[in-house]
Amino acid sequence: MGKYLLKRLGQMVIVVFVVTLLTFFLVDMVPGDIVYNAAGRDDLTQEEYDQIYYELNLDKSTASRYVIWLKNLLSGNLGYSYVYRRPVWDMLKEKIPTTLYLSFLAMLISVPLGVLFGSISAIRRKKPSDTIITLIANICNCLPQFWIGIMLMLFFSFRHNWLPSVGFGWPARVGWERHIKTIIMPVICVALGGIAGFTRQSRSAMLEVIRQDYIRTARSKGLSNAAVNMKHMVRNGLIPIVTILGSRLARILSGSMIVENVFSIPGMGLMAMTSINNKDIPAIQAIVLISTIVACLAFILTDVLYVLVDPRISLDGSAD
Amino acid sequence: MGLITNRKEDKLVEDLLNIENIKTDFRNSDKSEIRVLDGVSIQLKRGEIIGLVGESGSGKSMTMLSALQLLPGNGKVKEGTVVLDDNGKNLLDYKPNSNAMRDVRGGRIGMIFQEPMTSLNPVMPVGEQIRESISEHLNLSKAEGKAKAIEMMEMVKIPDAADRYNEYPMQFSGGMRQRIMIAMVLAAEPDVLIADEATTALDVTTQALLLEMIKDLSVRTGISVVIVTHNLGIVARYAERIYVMYAGNIVELGDAVGIFHKPYHPYTKSLLKAIPRLDDPIDRVLVPIEGMPPSPANRPTYCAFYPRCKYAEPKCRELPKPELFEIFPDHFTACHLTLEDFVTKAKQADVSLSAVRPPKKIEDTVCIEVKNVTKSFTIYKGLMKKKVAEFNAIEDISFFVRRGETLGIVGESGCGKTTLARTIMRMYEPDRGEINIFGTDISKMKPKELVPYRKNMAMVFQDPSSSLDPRKTAGESVAEPMIIHKIYDDPAEMSDRVDELFTLVGLDPMMRDRFPHNFSGGQRQRIGVARALASNPSILLLDEPISALDVSIQAQVINLLEDLQSKMGLAYLFIAHDLAVVKHISDKILVMYLGRVMEEASSEDLYRDPIHPYTQALLSAVPIADPVIERQRSFIELQGEVPSVINRAKGCPFCNRCRYATEQCFAECPQATDRGGGHMVACFNK
Amino acid sequence: MDTKTKAAMDQSRKDVKKQMKKQARKRFFKAMFARRIVIVGTIGFVIILLAAIFAPFLTPYEPDAMNENAQLALPSAEHLLGTDNFGRDIFTRLLYGARISLIIGVLAVILAAVIGIALGMCAAYFSGIADILIMRIMEALNSIPNLMLSLALVAVFGHSMGSLAVILAIATVPTYVRMTRAMTLRVKNSDYVKAAQMQGAGSIFIMVRHILPNIMSPNLVMMMSNVGGTILSEASLSFLGVGITIPTPSWGSMVSQGRGYLLDNPYISIVPGICVAVLVICLNMIGDGLRDAMDPRLSGEA
């Protein structure tokens with residue numbers, strides 16, 4: 001297990017390295033003169049221009065700038081934001097907890113509900129309850145997240161004035177009541193798509209399990225439906241769901257981007273948008289990189305979970 | 001129901017399980033219903049072993065699943081009763097998941113399924129799966145349950161049972177998993193054990209071991225056993241009474257000797273004439289049953305066997321489906337024909353059946369000669385491709401095949417027969433040795449140089465459903481070798497040749513534009529043969545060409561192959577695990593075990609006088625479809641199971657399972673020596 | 001065989017061929033439209049498609065014609081769904097917006113599939129270094145969250161229709177590569193490919209004759225089910241303001257634009273969102289039908 005984790009971490013280092021290459025050279029291709037972006041204004045004197053030009057190492061080749069960037073990265077320096085005029089890392093330290101908080105709350109709701117609905121749907125296949133669950137899940141899966149957000153806002157904030165449309169704040173700053181009021185709509189908005197996705201995928205995972213021979217074996221032993229479902233079906237159906245969980249976790253920093261935008265929540269998503277719109281290159285690079293590293297960690301976590309739920313993996317040669 | 005009243009008169013008291021007149025329907029995706037079982041009745045007495053034989057789709061498994069209310073969601077029992085203990089309660093009146101039904105299912109009647117690989121829950125320790133069954137049906141504490149589970153594992157001879165209690169199914173071999181299934185079922189102390197093709201997926205020797213074990217248990221504990229299988233040999237060896245099923249009906253039933261020696265129903269008769277037997281005389285002609293069993297959707301209202309019946313009379317078509325009636329004492333059949341009908345028909349039929357085997361002409365020309373071929377594989381692991389193991393999949397194999405001759409290669413899983421075939425076909429380059437095709441060694445040739453030699457040999461594969469490209473028409477598949485070898489410039493000429501090949505393998509050329517899924521398994525195998533013949537080869541490698549086919553179809557393909565050999569003087573390498581088939585078709589046989597040749601002899605010599613201990617055990621494991629002969633045979637029990645090639649012993653590959661093994665056997669590998677008349681045996685002691 | 005009977009045989013063979021084709025087509029459509037919901041989806045999609053194609057004939061307005069006299073008008077006979085803050089007719093903009101969604105969605109999916117299939121086949125067929133290289137890059141690409149990747153790419157390649165299609169394609173390439181690679185490996189190990197190799201067939205022959213035809217149908221199914229997802233992504237991008245350049249009408253940017261006027265004319269935001277959902281649902285239904293028709297294993301399931 002330890003050896004396996006080490007191996008996966010090694011693979012992750014390779015992937016992250018490839019991602020640094022991709023991000024750096026990609027963002028480096030952003031059109032326009034970044035000197036003006038870095039300065040934050042257009043009326044630069046030649047002297048000022050040259051100073052920034054050299055500060056940014058634009059006189060050196062792209063490859064050597066990459067090496068410098070990578071070196072800084074390894075020493076924990078993610079660069080200096082052109083827009084916020086602060087180190088990018090300081091910015092991220094503020095933004096990441098908000099985004100993580102929002103995403104985790106949403107996952108806490110969507111995973112159990114989704115698996116529950118999916119399992120019910122699979123067990124009661126082709127019965128009315130299955131048809132209704134599947135239909136609703138399919139529709140929810142197709143609704144654009146931003147639209148759900150705006151509709152919630154329209155109903156709860158503008159029509160009825162029950163909930164504030166914007167203004168997220170931590171309880172320490174705005175108090176619990178206000179905090180909860182501001183977080184309800186964003187969380188529902190993120191969770192709804194999650195529930196729909198988990199329902200659909202758990203359903204198909206469970207259906208795949210139901211037709212396995214060992215389910216028939218379990219029935220032939222005379223086990224009750226509940227025992228067959230819990231001990232044999234759900235236990236095996238959870239294995240593919242772990243993968244889905246992993247891919248959701250991988251998007252934990254980016255999945256709420258749209259919602260942050262709709263409800264003006266100062267998280268990573270909103271920061272990403274601002275950086276893109278202002279061509280804040282160090283910030284863009286850092287954000288892409290951090291969200292990728294988080295995604296990789298999520299994939300590793302998935303593998304660990306896999307080993308825990310599926311004895312076949314640790315027994316098979318591939319895992320040791 | 002004449003059958004039932006007859007039974008009630010004498011043997012009522014002993015009846016344990018009474019399945020009566022079961023009718024089961026399956027719902028299609030378009031909501032239409034198809035009748036898969038059309039009134040099946042089965043009686044089982046206490047302590048009895050019965051056999052339920054039939055081809056795939058005959059409904060034999062469905063009968064058992066119907067009785068236990070285990071049918072898949074789209075199946076439904078429409079009519080019928082299932083009575084246990086003769087207490088008058090119909091099990092089918094219980095709800096499938098009611099307590100009463102669940103007490104019967106697993107508690108009174110246990111069932112073992114075909115696929116050992118998928119029938120156990122992969123994420124639950126095997127011991128727990130056995131214990132689950134115990135705690136469901138027996139009133140035992142958790143600790144007692146565990147103790148009993150271990151006891152059961154010991155009973156089915158799983159070594160180190162207590163230590164392996166917490167292991168997962170994937171840590172066991174197929175044979176071991178099937179033992180665990182048996183332990184699981186028997187742990188609940190049922191009265192009836194249903195073995196649904198329980199040994200079909202296993203090697204012959206393992207199959208025999210398990211069935212012997214079940215038989216012993218039945219004798220010891222008085223449990224009744226239903227053996228559901230397509231294999232007539234197995235029922236001949238183990239069953240006391242036999243039910244023969246065809247197209248959702250029981251067509252004949254009776255005691256084993258009666259069924260095999262006095263079969264009445266034309267289907268039973270034809271089946272016995274169609275299967276090769278180990279004890280067949282050398283000139284035995286197989287009489288195939290033409291056509292195919294009807295699909296459940298198109299079963300006629302008259303006798304379902306009518307279209308394939310050689311004895312059919314016009315009345316068979318006019319009368320409704322025949323009911324079972326007692327033709328001999330305790331021997332029932334469902335046929336409209338009278339004994340007189342058979343006698344007159346048999347006279348005519350015998351004339352048409354008196355066909356002889358196509359003449360054998362073995363010429364002196366050696367088509368292929370393999371000398372000391374060895375092929376090793378290396379197992380790499382990890383990112384750095386670390387070498388973990390190297391083993392010889394085949395070692396020191398030598399043989400030759402002449403024009404018109406058939407060499408049979410038999411062996412159980414892991415014996416290297418497929419590696420050998422692929423090495424000969426130069427999918428692999430052998431490490432050592434020569435492969436001579438008409439005197440030219442191709443073992444070291446480069447792909448380009450090989451092409452002209454490839455034209456001279458072709459292969460027919462095991463699984464006819466995966467050996468044809470599903471997106472190519474039958475004609476396109478057959479034409480492929482001709483395109484590769486650029487044999488014809490004129491497409492019209494090639495098209496004619498495709499027609500010719502279709503006719504040659506007994507297919508209508510009009511069918512060449514159909515896709516593989518439009519053909520039956522037997523027809524697809526014919527297409528496979530046609531493709532192999534397209535480049536006009538003189539050597540044909542047949543890798544298990546009939547093992548995926550139904551028994552009534554196998555004879556068609558065997559006869560076709562024999563016919564083609566006789567016509568075209570082909571040299572065959574016939575690879576199979578079924579000794580009876582190999583013995584029937586081959587002139588000489590090579591017995592392989594873990595990559596080495598154990599014995600080589602003419603097929604007659606090998607059967608009459610097997611010398612190698614492995615060959616002897618193998619032969620004894622193959623059941624012969626004749627209960628009288630079976631009772632005179634003895635079964636040689638081998639220790640353990642076929643090990644993996646990777647863990648092969650240093651000396652003779654067979655040493656650790658051999659009764660006669662001495663120190664020498666463990667130390668060095670015996671070379672094959674001639675025991676007279678080309679009978680080669682690789683053994684120190686025999 | 002004389003020429004006359006031969007000609008007759010050829011003719012009857014042709015008839016058989018024709019009939020087989022007809023039967024196959026019939027079976028395909030029967031399987032595809034076995035479920036009512038697929039028919040509904042197809043009808044819905046055809047309506048949206050026709051509306052997009054014939055947009056100029058269905059409305060008297062131009063999509064970006066502003067009307068200062070009719071700003072934020074509520075639905076009326078004149079303006080079916082009212083107007084936005086510039087006085088542009090919402091219904092008209094919806095019709096033209098459908099064009100953008102459909103064109104970008106289809107274009108991106110085709111691009112992604114072509115690149116993905118090519119790379120996947122190469123990875124599987126040539127194995128070794130090519131395989132490792134391609135799969136590692138795909139893994140890296142797959143690790144960057146899609147939306148992040150798209151945003152970064154927009155910053156580089158801009159907002160034109162073509163670049164948006166490329167950007168959305170890049171994000172989905174890894175799924176095609178992975179599936180194609182797995183399928184190719186399976187076909188490569190099948191007995192019919194072995195049979196061809198044993199006759200001495202070369203790589204190109206096997207790729208063109210066996211592998212390509214066999215990997216196409218799962219890829220087609222996946223393409224169909226990806227169109228909807230891509231349209232959703234495009235809408236999200238334009239909602240965030242990094243989609244197609246304003247004032248070109250796009251459903252996502254219309255929703256965004258209406259945010260400020262939810263109390264004046266909520267239809268500006270509501271209707272485009274519903275349009276996205278309906279189009280995506282319809283496409284997914286067709287995708288499900290196509291999967292039923294192409295995968296015999298799944299028929300009767302789900």
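Let me begin in chain B, where the axes of helix H4 (residues 126-137) and helix H5 (residues 142-155) come within 9 Å and cross at roughly 115°. The axes are lines fitted to C-alpha atoms, for helices over the stretch in contact, and the angles run from 0 to 180 degrees between N-to-C directions. Helices here are DSSP runs of H or I with at least four residues, strands are runs of E with at least two, and both are numbered from the N terminus.

This is a predicted model, in which local features need pLDDT of at least 70 and side-chain atom pairs count only at pLDDT 80 or more, while totals for chains, interfaces and linings use all residues. Residues are numbered from 1 along each chain as its sequence is written, and chains are lettered from A and ligands numbered from 1 in the order in which they are written.

A crossing is right-handed if the near helix is turned clockwise from the far one by less than a right angle, and left-handed if anticlockwise. On H4(B), the residues in contact are Gly127(B), Ile130(B), Arg131(B), Ile134(B) and Ser135(B). Their partners on H5(B) include Gly145(B), Lys146(B), Ala149(B) and Met153(B). Contact requires C-beta atoms, placed from the backbone, to lie within 7 Å. This contact of H4(B) with H5(B) has six nonpolar, three polar and three charged residues. For these classes, Ala, Val, Leu, Ile, Met, Phe, Trp, Tyr, Cys and Pro count as nonpolar, Asp, Glu, Lys and Arg as charged, and the others, Gly among them, as polar.

A second pair in chain B is helix H8 (residues 204-221) and helix H22 (residues 613-621), whose axes come within 8 Å and cross at roughly 55°. H8(B) and H22(B) are therefore oblique to each other; angles under 35 degrees count as roughly parallel, over 145 as roughly antiparallel, 65 to 115 as roughly perpendicular and the rest as oblique. The crossing of H8(B) with H22(B) is left-handed. Val204(B), Thr205(B) and Ala208(B) of H8(B) meet Ala617(B), Leu618(B) and Ala621(B) of H22(B). Five of these residues are nonpolar, one is polar and none is charged.

I turn now to the interfaces. Between chains A and B, the contact takes 21 residues from chain A and 25 from chain B. On the chain A side, H10(A) gives the most, with seven residues. That side has five nonpolar, nine polar and seven charged residues.

Finally, the chains themselves. Chain C has 11 helices and zero strands. Its radius of gyration, taken over C-alpha atoms, is 24 Å, well over the 19 Å that the globule rule gives for 302 residues, so chain C is more spread out than a compact globule. The rule is 2.2 Å times the number of residues to the power 0.38. Buried residues make up 47% of chain C, where buried means that 20 or more other C-beta atoms, placed from the backbone, lie within 10 Å of the residue's own.

Chain A has 15 helices and zero strands. Of its 320 residues, 40% count as buried. The C-alpha trace of chain A spans about 85 × 60 × 35 Å along its principal axes.

Terms used
Contact = placed C-beta atoms within 7 Å. Buried ≥ 20, exposed ≤ 12 C-beta atoms within 10 Å, placed from the backbone.
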